[in-house]
Amino acid sequence: MRGLAIFLAGALTGAAAAALFTPEKGEDLRARIKLLLQKKGIIPADNIDEFVEMLAAEIEEK
């Protein structure tokens, strides 16, 4: 479980850095990230909201 928390923290840090350094609007960036995660099979197309809620809950616990 600790490894998952470290991974998520790293992923969020990377996402934050990407969001800061990209010239895209936030809405476009979120859509691109969602599409990439769906293509890689990390999240199913219909469960994106549940996935985001799960990540938020994990972060709040730590």
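Tutor: Here is a close look at a surface patch, with its setting. This is a predicted model, where local features need pLDDT of at least 70, side-chain atom pairs count only at pLDDT 80 or more, and totals for chains, interfaces and linings use all residues. Residues are numbered from 1 along each chain as its sequence is written, and side-chain values use heavy atoms, with hydrogens and water left out.

Start with the patch. Met-1, Leu-4 and Phe-7 make a nonpolar surface patch of about 360 Å². Patch residues have over 30% relative accessible area and no salt bridge; like charges are joined within 9 Å, nonpolar side chains (Val, Leu, Ile, Met, Phe, Trp, Tyr) within 5 Å. A salt bridge puts a side-chain nitrogen of Lys or Arg within 4 Å of a carboxyl oxygen of Asp or Glu. Areas come from the Shrake-Rupley method with a 1.4 Å probe; for residues, only the protein chains shown count as cover.

Now take Met-1. It lies in the segment before α1 (2–21). Met-1 counts as exposed because its relative accessibility is 64%. Exposed means over 50% relative accessible area, buried under 20%, partly exposed in between (1.4 Å probe, protein chains only).

For contrast, look at Leu-29 in helix α2 (residues 26–39). Leu-29 has a relative accessible area of 9%, so it is buried. Its C-alpha atom is 9.1 Å from that of Ala-18, 11 residues apart along the chain.

Last, the setting. The protein has 3 helices and 0 strands. Helices (H or I, at least four residues) and strands (E, at least two) are DSSP runs, numbered from the N terminus. Of the 62 residues, 11% count as buried.
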